[in-house]
Amino acid sequence: MRAPVEEPPRPSAGTIGALRIFLGAYRTELSLFVGCAMVLACFSGPRFLRQSAAPHFVYAGKAWLDGRLDVEPADLPNLEDWACVRDSAGEKLRCEGPPRATDHWYVSFPSFPAVVMLPFIALHGWQFNDTSFGVLLAAAAIALFYALCRRLAALGESARTASEDVVLALTLGFGTLFFSCAIRGEVWFFAEVLGVLFTILYLHAAVRARRPLWAGLLWSMATLTRTPLFFTGLFFLLEALCPGPDRRGQLKAALRAPAPSLRRLLPFVAGAAPLGLLAALYNFVRFGSPTDFGHRFLYNNRVNADIDAYGLFNLRYLARNLDAAFFKLPSLQLHPFRLLYDPNGLSLFLTMPFLVLLFFPRLRPRLHWPLWLTVAATALPGFLYQNTGYMQFGFRFSLDWTPYLVLLLAVGGWSFRTRGVQLLLALGFLVNFWGAVAFRGYTELVRRLGPPP
């Protein structure tokens with residue numbers, strides 16, 4: 001007699017109903033995620049199918065899984081933007097000249113992206129594809145930004161409709177430098193994309209200081225992905241201490257009677273402290289300083305002369321950073337006919353034309369000044385930084401504060417039905433389409449042409 005075949009358990013009606021409710025409630029977010037992932041994957045092209053040429057975070061994560069903080073020199077995929085530390089009489093020095101067997105090689109960037117990758121590195125090892133992973137995270141960021149805009153509308157902070165919030169999310173994803181950064185992997189661009197994702201999650205928790213513990217945790221994740229995001233903590237501080245409209249009176253009251261403010265600030269600190277302390281210890285062990293992520297130890301890098309002479313931040317860098325951010329323009333080549341970008345930068349008024357609207361808002365709601373002050377606090381230190389972001393399409397460091405700029409567009413009162421607004425948004429999509437198609441980074445050029453002789 002044949003034994004009866006057991007049928008697999010069928011999902012209960014309750015499970016199917018819950019799934020339908022979930023899909024119905026988040027259909028726009030899910031549609032944005034799937035649609036944007038497909039578009040970004042198409043623009044990523046052959047890159048999407050392979051690991052990038054600068055998978056530094058993959059190598060850092062694999063080293064951790066192998067029980068070490070540094071990367072074995074023989075395993076390095078290249079020598080571009082790695083920190084090399086040489087111990088000399090108990091002092092940590094930057095490696096000079098030919099590498100030695102006793103040198104220690106580290107990722108010279110905040111390493112939280114490697115933490116995010118860690119479960120996947122455990123499965124795929126050295127070959128984990130950081131490019132396709134970055135594309136999926138970028139698509140998730142676009143969908144989550146839409147959800148953030150809808151939350152602001154539900155809280156009465158924005159008057160945008162759901163369809164307008166879709167436009168805002170797509171503007172972030174394809175009408176800014178996020179587009180060309182999201183499709184390439186590579187340590188520099190992957191960190192920018194992940195920083196945007198954590199910024200959006202942080203803002204979900206930080207608006208009106210509603211979830212201070214989560215806000216602190218997510219802020220620390222963002223900061224340990226892109227150090228300029230440390231200054232975005234100002235947004236939570238303003239929301240916790242003086243949300244408005246009488247900000248000066250609220251600030252005075254908070255100083256006179258700090259207990260209510262501390263009930264929001266202390267959970268924020270508690271959320272941020274664990275990762276911050278671990279990162280400080282990690283930096284100290286590697287570089288001898290809790291605040292050093294390794295740029296003082298960059299091996300054989302073009303920026304070393306400036307760092308040695310003037311430090312990481314100096315007023316001497318201001319002019320070239322402002323030039324890269326606001327004054328660099330494309331050039332036209334006639335033979336053959338081509339439109340060329342400057343790899344040092346490209347004016348933000350071209351890569352984000354809607355920026356013009358932000359200087360002349362129709363409305364100045366409650367979030368207007370907190371958003372602008374956060375942009376200023378995050379952007380200004382970067383203009384004193386020793387590097388413009390070269391090689392790049394546009395001024396890529398602006399991505400650290402781009403979500404705040406798009407939110408300023410959301411609350412600024414300009415109608416998307418106005419022809420001028422439509423033209424500015426369309427120009428942003430067009431310019432960043434060009435960037436996604438045309439940009440070739442340093443590692444791609446080296447891969448195609450070979451290293452210099």
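This is a predicted model: local features need pLDDT of at least 70, side-chain atom pairs count only at pLDDT 80 or more; totals for chains, interfaces and linings use all residues.

User: Which residues line the second largest cavity, and how many of them are charged?
Analyst: The lining is made up of Thr171, Gly175, Pro353, Phe354, Leu424, Leu425, Gly428 and Phe429. Five are nonpolar, three are polar and none is charged. Gly goes with the polar group under the rule used here. Helix H19 (residues 419-438) gives the largest share of that lining, four residues.

User: Why is Lys62 called buried?
Analyst: Buried means under 20% relative accessible area. Lys62 comes in at 16%, so it counts as buried. You'll find Lys62 in helix H3 (residues 56-65). Leaving aside neighbours within four places in sequence, Lys62 is in contact with Ile121, Gly125 and Trp126.

User: What makes E1 and E3 a pair?
Analyst: Two strands pair if there are at least two bridges between them. Strand E1 (residues 82-88) and E3 have four bridges, in the antiparallel sense, so by that cut-off they pair. As one example, Cys84 has Trp105 in E3 as its bridge partner.

User: Why are E2 and E3 called edge strands?
Analyst: The open sheet has three strands in the order E2-E1-E3, with antiparallel pairing. Strand E2 (91-94) and strand E3 (104-107) each pair on one side only, and they are the edge strands. From one strand to the next, the twist averages 40°.

Technical notes:
Residues are numbered from 1 along each chain as its sequence is written. Side-chain values use heavy atoms; hydrogens and water are left out. On a 1 Å grid over the protein atoms alone, a cavity is a set of points where a 1.4 Å probe fits but cannot get out, and a pocket is an open set with protein on both sides within 12 Å along at least five of seven lines; lining residues have an atom within 4 Å of a point. Helices (H or I, at least four residues) and strands (E, at least two) are DSSP runs, numbered from the N terminus. Buried means under 20% relative accessible area, exposed over 50%, partly exposed in between (1.4 Å probe, protein chains only). Contact means heavy atoms within 4.5 Å. Axes are lines fitted to C-alpha atoms, for helices over the stretch in contact, and angles run from 0 to 180 degrees between N-to-C directions.
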